[in-house]
Amino acid sequence: MKSRKKRMFTSLLVSLTLVGALAGCSGNESSPAAGGTTTSGDSLEPITLTYFSEDPSTNWNNMKDEVGKLITQKTGVTLDAEFAVGDPVQKISLIAATGNYPDLIAAKADVGKLVDAGAVIDLTELIDKHAPNIKKMLGDKIVRTKYSLDDPSIYAIPTWSAVDEKKIKADEGFELQHRVVKEAGYPEIRTVQDYEKVIKDYITKHPTDENGNKNIGMSLNADDWHMYQVTNSAFLTTGGPNDGEYFIDQNTHQATYHFRRPEEREYFRWLNHMNAEGLLDPESFVQKTDQFKAKIASGRVLGLADPEWDYGDGQNALKAAGKFDQTYGHYPVTMSKEYKDTSFWPAGFDGGYGISISSKCKDPVRAIKFLDFLASEEGQILNNWGIEGKHYTVENGKRKIIPAVQERMDNDNAAFTKESGMGLYWNMMVHYGDGIKDSTGNYFTRNYPELLATTYNKAEKETLKAYKAEHWKDLFPKEEEFTPRAYGAAYTMSLPNDDPAVILGAKMKDITWKRIPEAVMAKPENFDKIWDAYMADLEKAGVKEMEEAYTKHIQDRIKLWSTN
């Protein structure tokens, strides 16, 4: 309680400083806020803002890309950006501890560490006075951006969760190369047994590639934080939505550390079986991300259970080489047909992951105006579609990507993204999601059915046709089949650094990340012994206390979101 009071006092002090500073403004003039310097609020005078993000950005080009240059022209702002390498949580902890705060920080679920340190400011007044686009887009959803019931400040502008998302593109599930399902005769791929069979049959006939290198049945990326992509499949294959490290009962809203579910034990037993059968990459738990992507780029990996954003660089290399039959389709694989794949279970709008302005920001007003431009209709179109005449045209009132641009996006995406900047700024901006139209009647994003269909390569179109589908989403359970979650997506909650759920959660992660590889790579006869020891380790470390603490946060979020 002491730390919470300290945190609220810091927040109040910063807020009062900010309000006092803004109260002295007249016209477009702004005064120092939270230690910032005085500028004209609408000034386009060049300014460089430092920025740190927990998310990597492999194609970042220091805003020298075409979109970035135009953003700087429109706002005067250039970002001196740093993106996480290795464990982003350690970096945020270091930032909080040293007091070396960048102007802008995207800390995702770790923003609580910054709040505790007094490193970020309450954005409520800045949004109200200087961010009309952000304010308009959030509307009554702004309640979901508040930090907690005890501290209703806004410490981060939500950038990860799209407003009014109508997800169209399937980019998760389990993946199989098009040549693998084609050779199998395009069978139903619905369960792990179906998935395993087509891989096993293919690798039996084709143990090596054309160069004599061994084909790999299934590879996992467990490098550092990518381990979450390995473990998330356990709840996705057993009917659980993506709520981070917890399974939330939809009726009682009780939280369970999801690995403790008996159903998930069976998923990891299946991975253990895949390893014993020689179908799992033996380097899955020791390879680095670059090695994982290089294997995909070689065309030797037949199957994945990984989101497209994680393996996309490897797949783009295959496209660039014209090896389209070695790229991947998405399938709603579960442990058995009693479960539904939950890739399209909507979470609604989450006010969690986002971008914060630090208490040492050199100019908070310029910072919020920069973020507000990105949130504007112009900013969103620029990020999603690029520059009119260079990347898209408008014909009969409809935006269309220029064919040569589309070809580069399909076949040389990494180089094109770095050059153009299209899509590089989405997680710095409040934005509308797929399926939402702007004031001209065009879609904000390029993920809408008609345009999405034009991005499919020949092998992909052939596979979709064989499954009588227009899009990969057609193979998955629909949004309407799921009950909306009253708390959104649980993983977006930001908790105080001294909270039991955070402290104990770190212990559980250490145990889990040690035991899961051990269990999967063990001889099958040793699996249960290792798993039982794992469960005992969790109980000894206080997993039940952690679950109780997290349950309270879930229920508090529901209360907060129900207030006006």
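A salt bridge, as I use the term today, is a side-chain nitrogen of Lys or Arg within 4 Å of a carboxyl oxygen of Asp or Glu. By this rule, the count comes to 39 salt bridges. Please bear in mind that the structure before you is a predicted model.

E547 and R260 form a salt bridge, and their closest N and O atoms are 2.8 Å apart. E547 belongs to helix α21, residues 543-561, while R260 sits in the loop between β10 (255-257) and α10, so this pair ties together parts that are 287 residues apart in sequence. With a relative accessibility of 8%, E547 counts as buried. R260, at a relative accessible area of 23%, is partly exposed.

The neighbouring arginine, R261, forms a salt bridge with E263, where the closest N and O atoms are 3.6 Å apart. R261 is buried, its relative accessible area being 7%, whereas E263 is partly exposed at 28% relative accessibility.

A further pair is K167 and E172, a salt bridge in which the closest N and O atoms are 3.8 Å apart. Here E172 counts as partly exposed, because its relative accessibility is 26%.

There is also a network of salt bridges, which links R265, E266, R269, D528 and D532.

Which residues of α10 are buried? They are E264, R265, Y267, F268, W270, L271, N272, M274 and N275. The elements covering these buried residues include β7 (174-177), α8, β8 (216-218), α9 (227-236), α19 (500-521) and α20 (527-540). Just after α10 comes G278, with a positive phi of about 80 degrees.

I turn now to helix α2, residues 66-75. Its buried residues are V67, G68, I71 and T75. They cover an arc of only 100 degrees around the axis, and therefore lie on the same side of α2. On the other side of the helix, K69 and Q73 are exposed. Among the elements that cover the buried residues of α2 are β4 (77-83), α13 (364-375), α14 (377-385) and α16 (413-420).

Both ends of α2 deserve a remark. After the helix comes G76, whose phi is positive, near 80 degrees.

Finally, consider R190, located in the loop between α7 (178-183) and α8 (192-205). R190 is buried but has no salt bridge. How far away is the nearest side chain of opposite charge? That side chain is E188, and the distance is 5.5 Å. Given that a salt bridge requires the two atoms to be within 4 Å, E188 at 5.5 Å does not qualify as a partner for R190.

Leaving aside neighbours within four places in sequence, R190 is in contact with P332, V333, T334, S336, K337, Y339 and K340.

Technical notes. Residues numbered from 1 in each chain as written. Predicted model: local features only at pLDDT ≥ 70, side-chain atom pairs only at ≥ 80, totals over all residues. Heavy atoms only, no water. Helix = DSSP H or I, 4+ residues; strand = E, 2+ residues; numbered from the N terminus. Buried < 20%, exposed > 50% of the residue type's maximum accessible area, 1.4 Å probe, protein only. Lys, Arg positive; Asp, Glu negative; His and termini not counted. Contact = heavy atoms within 4.5 Å. Arc of directions from axis to C-beta.
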